[in-house]
Amino acid sequence: MTATASRADASLVVPSGVAPPASIPADVFTAALRAYLSGQKLDMRALARRLGVGRSTLYRRAGNREQLLDEVIWWRSRRALTAAVASSAALRGVPRVVAVVNTVLRGAIDDGALHAFLDSEPGAALRILTGARSTVQQGMTRTLENLIDLEVARGHLRLGLDTPTLTYAIVRISEGFLYSDIIADRTPDVERASTVIAALLRGLDSIGER
């Protein structure tokens with residue numbers, strides 16, 4: 001597949017692209033991103049002071065603290081997802097879906113800023129990363145649905161389960177293994193997550209039975 005086709009796939013799977021969120025002023029987003037990447041706890045009072053605005057103005061422009069962090073993490077996730085989809089362009093069907101999930105999970109394991117957030121604020125981090133109403137969780141789920149639907153539409157997958165149900169299962173498996181140190185006192189294990197997800201997909205894929 002050509003580089004142009006790879007980019008086209010990425011735009012289909014991650015239609016929101018890699019631009020910063022338009023709903024948040026650029027100066028606010030940049031300052032919040034810088035604080036997050038430094039491993040510092042995002043302090044809305046300090047952020048407002050740094051930007052030269054009142055806290056009420058900051059909340060009006062960017063939402064509350066968790067909403068702002070949600071957008072920061074989702075922006076970084078969109079970049080990771082877009083790269084993973086583009087890099088998997090030579091694959092198809094089950095191997096492609098598993099490769100994208102594995103790449104994203106490996107990136108999360110190596111993400112120092114994410115781990116600093118999880119270590120310092122596990123409750124807030126899990127609400128943003130796994131909560132049903134979070135932009136991150138909804139975005140990850142929607143992106144995976146788009147990828148699976150793309151592979152189905154191209155005839156590379158034929159699944160015996162509806163996409164939303166399958167996607168929900170894959171996302172929860174991923175979260176269970178990725179954040180297992182927090183939710184189950186177990187060492188995170190990306191490879192086991194990928195093995196389970198691959199087995200699930202192969203078991204449902206009638207094309208792979210041929």
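**View 1. Aspartate 119 and its setting.** Aspartate 119 is exposed, with a relative accessible area of 64%; exposed means over 50%, buried under 20% and partly exposed in between, with a 1.4 Å probe and protein chains only. The model is predicted: local features need pLDDT of at least 70, side-chain atom pairs count only at pLDDT 80 or more, and totals for chains, interfaces and linings use all residues. Residues are numbered from 1 along each chain as its sequence is written, and side-chain values use heavy atoms, with hydrogens and water left out. Aspartate 119 belongs to helix 7; helices are DSSP runs of H or I with at least four residues, numbered from the N terminus. Between the C-alpha atoms of aspartate 119 and arginine 158 there are 40 Å, while along the chain the two are 39 residues apart.

View 2. Two aromatic pairs are present in the structure. A pair of aromatic rings is described by the distance of the centres and the angle of the planes. Rings of Phe, Tyr and Trp (its six-membered ring) pair if their centres lie within 6.5 Å; planes under 30 degrees apart count as stacked, over 60 as edge-to-face and the rest as tilted. For phenylalanine 29 and tryptophan 75, the ring centres are 5.6 Å apart and the planes stand at 85°, so this pair is edge-to-face. Distant parts of the chain are linked here, with phenylalanine 29 in helix 2 (residues 26–37) and tryptophan 75 in helix 5 (residues 65–87), 46 residues apart. Phenylalanine 29 is buried, at a relative accessible area of 4%, and tryptophan 75 is buried at 12%.

**View 3. The aromatic pair of tyrosine 36 and phenylalanine 117.** The rings of tyrosine 36 and phenylalanine 117 have centres 6.1 Å apart and planes at 80°, so the pair is edge-to-face. Because tyrosine 36 lies in helix 2 and phenylalanine 117 in helix 7 (residues 112–120), the pair ties together parts that are 81 residues apart in sequence. Both tyrosine 36 and phenylalanine 117 are buried.

**View 4. The crossing of helix 6 and helix 10.** The axes of helix 6 (residues 94–109) and helix 10 (residues 163–178) come within 11 Å and cross at roughly 30°. Axes are lines fitted to C-alpha atoms, for helices over the stretch in contact, and angles run from 0 to 180 degrees between N-to-C directions. Helix 6 and helix 10 are therefore roughly parallel to each other; angles under 35 degrees count as roughly parallel, over 145 as roughly antiparallel, 65 to 115 as roughly perpendicular and the rest as oblique. The crossing of helix 6 with helix 10 is right-handed, a term for the near helix being turned clockwise from the far one by less than a right angle, with anticlockwise giving left-handed. On the side of helix 6, Val101, Leu105, Ala108 and Ile109 make the contact, and on the side of helix 10, Ile170, Ser174 and Leu178 do; contact means heavy atoms within 4.5 Å. Of the residues in the contact of helix 6 with helix 10, six are nonpolar, one is polar and none is charged. Ala, Val, Leu, Ile, Met, Phe, Trp, Tyr, Cys and Pro count as nonpolar, Asp, Glu, Lys and Arg as charged, and the others, Gly among them, as polar.

**View 5. The crossing of helix 6 and helix 9.** The axes of helix 6 and helix 9 (residues 135–153) cross at roughly 155° and come within 10 Å. Helix 6 and helix 9 are therefore roughly antiparallel to each other, and their crossing is right-handed. Arg96, Val97, Val100, Val101 and Val104 of helix 6 meet Met140, Leu144, Leu147, Ile148, Leu150 and Glu151 of helix 9. The contact of helix 6 with helix 9 comprises nine nonpolar, no polar and two charged residues.

**View 6. Threonine 141 in helix 9.** Threonine 141 is part of helix 9 and is buried, with a relative accessible area of 17%. Apart from neighbours within four places in sequence, threonine 141 is in contact with Thr167 and Val171.

**View 7. Glutamate 121 between helix 7 and helix 8.** Glutamate 121 sits in the loop between helix 7 and helix 8 (122–130). Glutamate 121 is buried, with a relative accessible area of 12%. Leaving out neighbours within four places in sequence, the contacts of glutamate 121 are with Lys41 and Arg65.

**View 8. The loop between helix 11 and helix 12.** Aspartate 185 is found in the loop between helix 11 (180–183) and helix 12 (190–204), and threonine 187 is found in the loop between helix 11 and helix 12. Aspartate 185 is exposed, with a relative accessible area of 72%, and threonine 187 is exposed at 67%. Most residues other than glycine have a negative phi. Phi of aspartate 185, a residue other than glycine, has a positive value near 55°.

Terms used
Helices (H or I, at least four residues) and strands (E, at least two) are DSSP runs, numbered from the N terminus.
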